[in-house]
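Okay, thanks for making time, everyone. Let me put the model up on the screen, and then I'll walk you through it.

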Amino acid sequence: MRTVGERVHIRNIERLLQSKKGKLMSVSYTQRRRDGEQQQRKREIYDSGNSAVVLPYDPARKTVLLTRQLRLPIFLQDGQENVLEACAGKLDGATAEERIRKEIEEELGYRIVEVERLFELYVSPASIMEKIFFFTCSYSPAQRVCGGGGIKEEGEDIEVVETSLENAANRVATGEIIDAKTVVLIQYLNARVQAPRSV
């Protein structure tokens with residue numbers, strides 16, 4: 001973790017909460033403003049680790065694989081019990097490629113060897129340290145090895161949803177898909193598929 005930069009100096013990090021899933025920290029720092037003035041600041045930062053997310057695409061059938069599951073923050077905010085989203089998981093010490101291949105098999109039930117890393121994004125950088133590695137991959141029904149659904153012992157209860165990429169894009173437009181990382185992947189892949197190929 002960086003503590004000194006060109007305009008930023010971390011003075012103190014106090015751990016407010018530590019759990020198996022992450023830690024909440026109070027960070028005191030000095031920031032040199034663009035006008036040259038030094039200012040003392042304090043922010044609460046949540047670190048739950050980095051993660052990876054994937055949107056598998058079958059080019060022959062023009063379909064994608066999504067998951068449907070409970071996301072408690074969305075339920076608490078909107079009362080929505082099931083959320084459509086892309087397959088994802090915390091890295092937990094693995095490389096992004098290793099983790100996403102494992103998540104594809106556990107959650108979606110497909111064994112995929114080749115995945116394509118697209119980009120890395122911070123979804124909520126004002127207070128959350130998590131960096132997300134975005135992937136896509138090709139898949140076909142022949143690569144299905146199990147029913148997916150996640151790991152019951154970890155509390156996962158995941159429904160696998162296969163739909164056309166066009167339908168997924170429509171669900172983004174109508175507000176049915178509200179998970180940011182999933183919206184980014186669907187819009188990116190949809191634009192790429194529709195882009196004219198150069199000869």
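I'll start with the overall layout, then go to one helix, the aromatic rings and the pockets.

First, the ground rules. What you see is a predicted model, where local features need pLDDT of at least 70 and side-chain atom pairs count only at pLDDT 80 or more, while totals for chains, interfaces and linings use all residues. Residues are numbered from 1 along each chain as its sequence is written, and side-chain values use heavy atoms, with hydrogens and water left out.

So, the layout. The protein chain has four helices and ten strands; those are DSSP runs, H or I of at least four residues for helices and E of at least two for strands, numbered from the N terminus. Going along the sequence, the pattern reads β-β-β-β-β-α-β-β-α-β-β-β-α-α. The C-alpha trace spans about 60 × 50 × 35 Å along its principal axes. Of the 199 residues, 38% count as buried, where buried means under 20% relative accessible area, exposed over 50% and partly exposed in between, with a 1.4 Å probe and protein chains only. On contacts, meaning heavy atoms within 4.5 Å: among those with a separation of 6 or more, 56% are between residues 24 or more positions apart.

Now helix H3, residues 165-173. Which of its residues are buried? Leu165, Ala168, Ala169, Arg171 and Val172. They take up an arc of only 155° around the axis, which puts them on the same side of H3; the arc is taken from the directions from the helix axis to the C-beta atoms. Over on the other side, Glu166 and Ala173 are exposed. And what covers the buried residues? The cover includes strands E4 (51-58), E5 (63-69), E6 (83-85) and E10 (159-164), plus helix H4 (180-194). After H3 comes glycine 175, with a positive phi near 85°.

Asparagine 190 is found in helix H4, and it counts as buried at 17% relative accessibility. If you leave aside its neighbours within four places in sequence, asparagine 190 is in contact with Leu165 and Ala169, and both of those are on the list of buried H3 residues.

On to the rings. I'm pairing rings of Phe, Tyr and Trp (its six-membered ring) if their centres lie within 6.5 Å, calling planes under 30 degrees apart stacked, over 60 edge-to-face and the rest tilted. That rule gives three aromatic pairs. Take tyrosine 110 and tyrosine 139: their ring centres are 5.3 Å apart and their planes at 80°, so this pair is edge-to-face. Tyrosine 110 sits in the loop between helix H2 (96-108) and strand E8 (116-121), and tyrosine 139 in the loop between strand E9 (132-138) and E10, so the pair ties together parts that are 29 residues apart in sequence. Both tyrosine 110 and tyrosine 139 are buried.

Another edge-to-face pair is phenylalanine 119 with tyrosine 188, at 5.2 Å centre to centre and 75° between the planes. Phenylalanine 119 is in strand E8 and tyrosine 188 in helix H4, so to speak distant parts of the chain, 69 residues apart. Phenylalanine 119 is partly exposed at 22% relative accessibility, and tyrosine 188 is partly exposed too, at 33%. Ring pairs also bring in Phe134, giving a cluster of Phe119, Phe134 and Tyr188.

Last, the pockets. A pocket here is an open set of points on a 1 Å grid over the protein atoms alone, where a 1.4 Å probe fits, with protein on both sides within 12 Å along at least five of seven lines; lining residues have an atom within 4 Å of a point. Points are joined across faces, edges and corners, and a volume is the space filled by probe spheres set on them.

How big is the volume of the largest pocket? About 1600 Å³. Its lining has 44 residues, with Lys21, Arg71, Gly89, Lys90 and Glu130 nearest the centre. H2 supplies the largest share of that lining, five residues.

The second largest pocket has a volume of about 760 Å³ and is lined by 20 residues, of which Arg2, Val8, Ile10, Ile45 and Met129 lie nearest its centre. Here strand E2 (23-32) gives the most, with four residues.
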